[in-house]
Amino acid sequence: MNSEYTVSIIIPTYNSEKTIRSCLEKVTKEAELLKSEVIIVDDCSTDQTIEIIKTFQNIKLIKLESNLGAGNARNKGAESAIYENLCFVDSDINISERSIFNLVKRLQKDNNTGSVAAIPDGTNLNENSWTSNFVGLKSCYGFDDVKGEKDFSVCTSEFCVISKELFFSIGKWKAFYAAGGEEFDMGYQILKINKKNIKTNSATYSGYWCSLDVRFKRIIERTTKYIPLFLEKREFDTKGSFATLGQFFSTLTTLLIVVYALISLIFNNTFFISGFIGLIILQLIFELDFLRFANKNYGIKMVIFSLFGIQVMNIGILLGVLIFFYKIIFGKKIMEK
């Protein structure tokens, strides 16, 4: 054990019976390399998550009385942490060897770094859903060419480290319910005080990526929460995040494709049909780099599926935007009444 670095490892759980055992097997092994503690904060699980956790030794378990989301659970874990560095690990990932040690070591390298996060290695541990391969690709896209490390706009909540002092000084995780989005807010708060969010390939992880239909629902919810932050910071996030300039243009193109398709059906106008085809070609240009990435990892079958999956995700974003402004407009009317 290296006593030079200390860390409190915090894992939020909620109905994690399918993934928590493999997660803890990796985490507890890595925890032995530092002076550390492992804190699990259970957000009212109703399955066998607690029973599985109890089979591990030297685990501090906090059971919450009400389900308020992963951000709140992480905050509760941080409040009970005893060490100077906090490491957040999601219960549905498997971390690489020496990853926690490498993250903490990099965090303490200089005073300009606010958070250090691991990079997904591209492996999908979910073997029960083929569409989750596409979701995993979207989540891993943008990191395959990282040499060493890169500056990032987001504090990646699924596996990152941050000093406890900084964590509390910038206001902890914003406790969004359901689909989350707190990583964008935390990253922005860190950048505002002129510190960096670093992604390093000296620490990696594999994920149990969700299916496309589950991600679609989460995108809708997450978009409604992200828009206020975007309106405040007025800039897109870096490549590797989901809220990029390229994603904006792709989503805008999907909107135009839908509009042109409806117009073509209503008026049966060949001019609109040609415009519709032109928009599809334009979107292929916007997504060309990702499609190459998909082909590299899964072949032409994934490229073809990605043409559908991209539209699904983009429609989820559009619905999220629509719901956000619907709540703003009608919420004000209700308040006025």
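Modeller: The answer below begins with the basis of the values and then turns to the core.

This is a predicted model, in which local features need pLDDT of at least 70 and side-chain atom pairs count only at pLDDT 80 or more, while totals for chains, interfaces and linings use all residues. Residues are numbered from 1 along each chain as its sequence is written, and side-chain values use heavy atoms, with hydrogens and water left out.

A nonpolar core is a set of buried Ala, Val, Leu, Ile, Met, Phe, Trp, Tyr and Cys residues joined through side-chain atoms within 4.5 Å; buried means under 20% relative accessible area (1.4 Å probe, protein chains only). The largest such core has 52 residues, and those that touch the most other members are I9, I11, L24, V89, I100 and F159. With seven residues, helix 12 (residues 300–336) gives the most to this core; helices are DSSP runs of H or I with at least four residues, numbered from the N terminus. Another core lies apart from it, with 20 residues that include A73, A81, I162 and M186.

Contact means heavy atoms within 4.5 Å. Beyond its neighbours within four places in sequence, I11 has contacts with I20, C23, L24, V27, V38, I39, I40, V41, V89, D90 and S91. Across the protein chain, 78% of the contacts with a separation of 6 or more join residues 24 or more positions apart.

In soluble globular proteins, nonpolar side chains tend to be buried together.

Conventions. Buried means under 20% relative accessible area, exposed over 50%, partly exposed in between (1.4 Å probe, protein chains only). Helices (H or I, at least four residues) and strands (E, at least two) are DSSP runs, numbered from the N terminus.
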